[in-house]
Amino acid sequence: VDAVAENEFCSDATIDTQTILFVGRLVNIKGLDTLLSAVASAPGDQLKLVVIGDGPEQARLSQLASSLGISNQIAWLGRQSNTVTRHWMRCSQVLAIPSTQETWGLVVNEAWQVGLPVLGSNTVGALRAGLPESLAWTMLPVGDVEAWRVALQRAAAMDDDERRAWIDTGH
């Protein structure tokens, strides 16, 4: 992990309530453009995004982040080992999966195993398979930037008890 990015975005001592994690291939169906737009639409520069993965859309997505004025809020880490990815899962507030289609989403299982709550589009099979009605707000319409912005801010504002209940449901 780039030492500057790690120090800026994460501390092992606490969960950074402003850090959103994306893990996946940088391809169009993963919907990262929706997530970038949601981060950009949040007030100020409160939300930070850590992107783990690479792919053919990386240059376009980086340019989009720049045009949205949020380059300073994003750490593009590229492809990383499972150890590094788990590190980021342990210190982020939420894993975001804004995919336009996602039959299951194995990364959901990995996040739940380390106690990381998940926000995903309503196409993510792992979320659709068993979340209770009380967490319906965590399954967002594909491409709905406003719904993503609201959900990201809600996750960032959670108190410890609410977050623990969300994690326990994932387990």
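Reader: Hi! Which side chain does the side chain of T123 make a polar contact with?
Author: In this predicted model, the T123 side chain has the side chain of S121 as its polar partner, at 2.9 Å.

Reader: Nice. And where is T123 found?
Author: T123 sits in the loop that links β5 (118-121) to α6 (125-128).

Reader: Is T123 buried or exposed there?
Author: Buried: its relative accessibility is 18%, and the cut-off for buried is under 20%.

Reader: What else is T123 in contact with, leaving aside neighbours within four places in sequence?
Author: With those set aside, T123 contacts S99, T100, Q101, E102, R128 and V142.

Reader: Switching topic, where is E57?
Author: E57 is in a loop too, the one between β2 (48-52) and α3 (58-67). At 19% relative accessibility, E57 counts as buried, because the limit is under 20%.

Reader: Which side chain is joined to that of E57 by a polar contact?
Author: That of R60, with a polar contact of 2.4 Å between the two side chains. Beyond four places in sequence, E57 also touches L26, V27 and N28.

Reader: Now the nonpolar core: how many residues are in the largest one?
Author: It has 51 residues, and I20, L32, L35, L49 and L152 have the most contacts inside it.

Reader: Which helix gives the most to this core?
Author: Helix α7 (residues 145-156), which supplies six residues.

Reader: And what does I20 touch, not counting residues up to four places away in sequence?
Author: On that count, I20 touches L35, V39, L47, K48, L49, V50, V94, A96 and L152.

How values were computed:
Residues numbered from 1 in each chain as written. Predicted model: local features only at pLDDT ≥ 70, side-chain atom pairs only at ≥ 80, totals over all residues. Heavy atoms only, no water. Core = buried A, V, L, I, M, F, W, Y, C linked by side-chain atoms within 4.5 Å. Buried < 20%, exposed > 50% of the residue type's maximum accessible area, 1.4 Å probe, protein only. Helix = DSSP H or I, 4+ residues; strand = E, 2+ residues; numbered from the N terminus. Contact = heavy atoms within 4.5 Å. Polar contact = N/O pair within 3.5 Å; in protein donor to acceptor, adjacent residues only side chain to side chain.
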